[in-house]
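Biologist: Please take me through one part of this chain in detail, along with whatever leads into it and packs on it. Keep it brisk, and give the cut-offs as you go.

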Amino acid sequence: MGKRPVSGKFVHVLGTLTPSLIATRNLTLIRSISCIRGTIGGAPGEGLTPLDIVRYTAAFGTFIKRRSGIAAPRMVLGRDARMSGPMVRDLVVGTLNGLGFEVVDLDLATTPTVEMAVPGEKAQGGIILTASHNPAEWNALKLLNEAGEFITAEDGEEVLRLAGADEYDFAAVNAWAAPDRSRVGHANTSMPSLPWTWWTWRPSPRRSSAWRWMP
């Protein structure tokens with residue numbers, strides 16, 4: 001695959017970073033320091049297509065592998081309830097597995113839940129699949145470091161550079177993580193709706209992951 005232009009230029013406005021915007025035929029793709037968001041569909045590079053999802057997931061995964069120095073690192077993943085969520089999740093999990101990651105898939109989870117689960121699972125990074133307040137046709141990859149915090153501007157620029165250069169470190173099959181490298185978290189949906197700060201992360205005995213209510 002040849003190099004393709006990927007926006008990595010940011011304009012400082014009132015002390016904040018404003019990403020460049022690509023909008024075509026009502027399709028939008030925004031690439032910023034800690035988030036790749038856009039409308040689902042269209043041509044690659046114009047909307048958030050499956051190719052774009054794989055490209056930026058692979059770039060972020062490669063960045064995490066290189067920084068951590070771990071051949072089979074761990075990534076926490078969570079999503080919101082958008083219609084596109086399962087499709088985006090499957091692309092992200094498959095791409096991370098191809099890079100050699102063990103994926104802790106929380107499935108439906110809030111942003112704070114994923115942020116807390118990253119250090120709770122001793123993971124090297126996290127990805128939240130949510131476009132927040134945007135309409136249903138949007139989705140996004142929000143990128144977290146090993147502390148469960150959004151990656152820095154410097155780290156984000158490197159992720160964009162890797163994506164623009166198609167520079168990825170995919171793993172050979174015999175270098176993949178253990179067979180249970182993708183394990184799904186479980187949430188007890190029968191529990192009452194309570195502030196996220198009242199939930200405590202606990203690993204379960206079977207190496208799946210669980211959020212449990214602590215009275």
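Modeller: Start with Gly-41, which has 21% relative accessibility and so counts as partly exposed. Buried means under 20% relative accessible area, exposed means over 50%, and partly exposed lies in between, with a 1.4 Å probe and protein chains only. Gly-41 sits in the loop between strand E5 (35-39) and helix H1. Thr-28 is 13 residues from Gly-41 in sequence, and the two C-alpha atoms are 9.4 Å apart.

A word on the basis. This is a predicted model, in which local features need pLDDT of at least 70 and side-chain atom pairs count only at pLDDT 80 or more, while totals for chains, interfaces and linings use all residues. Residues are numbered from 1 along each chain as its sequence is written, and side-chain values use heavy atoms, with hydrogens and water left out.

Now the helix that follows the loop. H1 covers residues 50-68. Helices (H or I, at least four residues) and strands (E, at least two) are DSSP runs, numbered from the N terminus. The expected span of a helix is 1.5 Å times one less than its number of residues. For the 19 residues of H1 that gives 27 Å, and its end C-alpha atoms are 27 Å apart, so the two agree. Just after H1, Gly-69 takes a positive phi of about 75°.

Look inside H1 at Ile-64. Ile-64 has a relative accessible area of 2%, so it is buried. Leaving out residues up to four places away in sequence, Ile-64 touches Met-75, Phe-101 and Gln-124. Contact means heavy atoms within 4.5 Å. Gly-126 is 62 residues from Ile-64 in sequence, yet 9.8 Å away in space, C-alpha to C-alpha.

H1 also has a helix partner. H1 packs with H4 (residues 153-164) at an angle of about 120°, with the axes 8 Å apart. H1 is therefore oblique to H4. Angles under 35 degrees count as roughly parallel, over 145 as roughly antiparallel, 65 to 115 as roughly perpendicular, and the rest as oblique. The crossing is right-handed. On the H1 side, the contact residues include Tyr-56, Phe-60 and Phe-63. On the H4 side they include Val-159, Leu-160 and Leu-162. The contact residues divide into eight nonpolar, one polar and six charged. Ala, Val, Leu, Ile, Met, Phe, Trp, Tyr, Cys and Pro count as nonpolar, Asp, Glu, Lys and Arg as charged, and the others, Gly among them, as polar.

Conventions. Axes are lines fitted to C-alpha atoms, for helices over the stretch in contact, and angles run from 0 to 180 degrees between N-to-C directions. A crossing is left-handed if the near helix is turned anticlockwise from the far one by less than a right angle, and right-handed if clockwise.
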